[in-house]
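The sequence and the structure come before my entries.

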Amino acid sequence: MSAGPTPASRTVAVALILLGVGATFTSMNIALDQYGRWGARIFPLAGSLSLVALGFAELWGARGKPAPTLDRQHLPAIFALLALAVAYVWVMAQFGYLISTALAAPLALWIFGVRNVIGLLAAAVLCPAAYHLIFFELLGVFPPFGRWFDLLDVFGWY
Amino acid sequence: MDIFPALASVLSDPVLLGWVFLAAIVGMIVGAIPGLTASAAIAMLLPLTFYMEPLPALAFLYVIGKSGRYGGSIAAILFNTPGTAASAATQLDGYPLARQGKAGKAMKVATISSVIGDFIGEILLIVGVAWIATIALKLGPPELFAVYFAAFIVIGSVIGKSVTRGLASAALGVLVAMIGLDPISSTERFTFGSFDLTNGISLVPLMIGIFVLGEVFAQIEERGKTTEMVPDGDDAARNRLTWAEYKPCMPHVIRSSFIGAFIGMLPGLGSAIAAFVAYGEGKRRAKNPDDWGKGALEGVAAPEAANNAVSGPSMAPLLTLGIPGSTIGAILIGVFLIHGIQIGPTLFLTSRDLVYALFACGLIGIAMYGLIGFYGAAFVGRFITRIPTKVLYPVIFLTSFVAAYTSRGNLFDVYVMVAAGFLGWLMRKLDFNPAAFVISFVLAGGAEEAFRQALLLSDNGMMIFITRPIALLFLLIGLTALAVRVRSLNRQSRAVALEEAR
């Protein structure tokens, strides 16, 4: 049910069905309330079964239609950015905001095509300092302290 | 008449006016940057507003939404790239005008039309919203659930290329909203034994992920592309706009404003649809239809008036029923909730002054972006070409992390934001509908509450939704909208197949 061909129809349909089936099983494991009623189950179950039904509808709509191929040219950069994003949060949890941002800023710029070494180094210093100043000093948000080590312990910027 | 004291109060508060002015500039710039939307800017700036008073916070984000819609026209005219989806229709005549050396004139028409459209939409909102709220107060849980149901179906099926993927986006939004403890029985749902998940998924990191980080992922695919600006025309005579030139635009502007206002009231449709409907209707009724698409001033005026007229009325379902009519509305729910303001029909009983002061800020914001745009749109265009996207998007990437963390001071929220960002990119890539996902996430809690309350009221189980006429009416509206959309898509699909067969 679409105006034109949509990408990866069969894959998307199968993914929706699998997701829906998994969610249906999980919904059926939601405990009943003290009176044995399904109250807490109804909406999750409705959402899950809708996904299954929509997956079959997608599969039905994909019959005999050639699906356009997806552009995979930028996938390495996309996954590099995703890996950076996950690593950034993990490093933030272990080493605090300053060190993680000093590492993430030049890497993000690099992924987007910045190759100027001085610019990358400047970003490694300026970005953590600027964000720390705005969010953790001016707005007074409590910063995420590193579990293993935090530069704030050295500078005493609390 | 509550609006006049509200206007007086806002005009006598220089700090509030400063926020509105800043919002008018920020929205215009963000809207004009291709790829960056007002929704993204609002989601990113949302955590900053936690530290503000409710009115400046709401006014700041509300006016960014308004001026962001207008800012999209600058990119459409000057760069041949719509800054927002809503300004794609403006591009059809705006860019040919720019190529003729009349970019300045096109931008003045866009500015005036946007301002008129936005004023009409806002005035209709101010006049009608209290009346709608009075009716909404009389709706019981069965009727409210039926309204939610219609909203899910309309939002899921009407936007985007694919009905199944739109509805699947809405269903996914509902499922993600179910994560955590059931609000009535405190039963764990979809928590998989994780303590972090028992608190549920927070709205702010989810929105920052979908709208901001998702856009950063999408922009990787645009790396290396440069934005070329058409000269905005130094020829003052060619770019001066006279009343004689604008007069033929006026009927289009008025008609398109009402089209935009009507579409704005319907949840989920949004300004892009309004702009294209107004453009099509304008061309159909125009005296010079052959000039449309080649640089007709009316072709700029009609979609611009419509896409801005959406802004005010799209707040009506949010303020009266708690149902966000647009992504910006969904984000504004976050601001209301954070400041402890309960949205819905009772809002006009509990926070009437705040609501009218917000409307007053909207009116003042329209005047401000109108003035800035009329005299400075070309400058904004030149400024944007100087912003290097390879620096801008990494900065937005870093900001999204700190913004997501700021919402609750919790690193789990940042992981949620990263997951939502990737999901947002994947949804765009696969023609799913991120807006339907977020709006459904927001609606799910209220819909479930209304549904379960209705069943408690009922002696006949689900029959309560059929036996109550207003509830039945809304259920039928939802199903009819779905049927009409499927039929229209099948027709388009057949036309495409026939075209290819030739």
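**Entry 1: the core**

I began with the largest nonpolar core, which has 217 residues, and looked for the members that touch the most others: these are Ala59(B), Leu61(B), Ile77(B), Tyr148(B) and Ile208(B). The element that gives the most to this core is helix 6 of chain B, residues 103-137, with 16 residues. Chain A takes part too, since the core draws at least three residues from each of its domain 1 (9-61) and domain 2 (75-155). I remind myself that this is a predicted model.

I then picked one of those members and asked which residues Ile208(B) is in contact with, leaving aside its neighbours within four places in sequence. I found Ala43(B), Met44(B), Leu213(B), Ser400(B), Ala403(B), Ala404(B) and Met417(B) in contact with Ile208(B).

Before going on I checked the confidence, and for the complex the predictor gives an ipTM of 0.93 and a pTM of 0.83. Chain B has a mean pLDDT of 85, with 94% of its residues at 70 or more. Within chain B, helix 21 (residues 411-429) has the highest confidence, at 94, whereas helix 11 (residues 236-239) has the lowest, at a mean of 64.

**Entry 2: where the chains meet**

Next I looked at the contact between the chains, to which chain A brings 53 residues and chain B brings 51 residues. On the side of chain A that touches chain B, at least two residues come from each of helix 1 (9-28), helix 2 (39-61), helix 3 (75-111) and helix 4 (117-138) of chain A. Helix 3 of chain A supplies the largest share of that side, 15 residues. Sorted by class, the side of chain A that touches chain B holds 39 nonpolar, twelve polar and two charged residues.

**Entry 3: chain A and its helix 2**

I noted that chain A is divided into domain 1 (9-61) and domain 2 (75-155), and that the centres of these two domains, taken over C-alpha atoms, are separated by 39 Å.

Helix 2 of chain A has 23 residues and reaches 34 Å from its first C-alpha to its last, close to the 33 Å expected at 1.5 Å a residue. Among its buried residues I listed Arg41(A), Phe43(A), Pro44(A), Leu51(A), Leu54(A) and Glu58(A). What do the buried residues of helix 2 of chain A pack against? They pack against helix 1 of chain A, and also against helix 8 (163-177), strand 2 and helix 22 of chain B.

**Entry 4: two positive phi values**

Most residues other than glycine have a negative phi, so I looked at two exceptions in loops of chain B. Phe192(B) has a phi near 50° and sits in the loop between strand 2 (188-189) and helix 9 (195-198) of chain B. Asp431(B) has a phi near 60° and lies in the loop between helix 21 and helix 22 (434-457) of chain B.

Is each of them buried or exposed? Phe192(B) is exposed, because 8 other C-beta atoms lie within 10 Å and the cut-off for exposed is 12 or fewer. Asp431(B) is buried, because 21 other C-beta atoms lie within 10 Å and the cut-off for buried is 20 or more.

Notes: Residues numbered from 1 in each chain as written. Chains lettered and ligands numbered in written order. Predicted model: local features only at pLDDT ≥ 70, side-chain atom pairs only at ≥ 80, totals over all residues. Core = buried A, V, L, I, M, F, W, Y, C linked by C-beta atoms within 7 Å. Helix = DSSP H or I, 4+ residues; strand = E, 2+ residues; numbered from the N terminus. Domains from an automatic or database assignment. Contact = placed C-beta atoms within 7 Å. Nonpolar A, V, L, I, M, F, W, Y, C, P; charged D, E, K, R; others polar. pLDDT = per-residue confidence, 0-100. Expected span 1.5 Å × (residues − 1).
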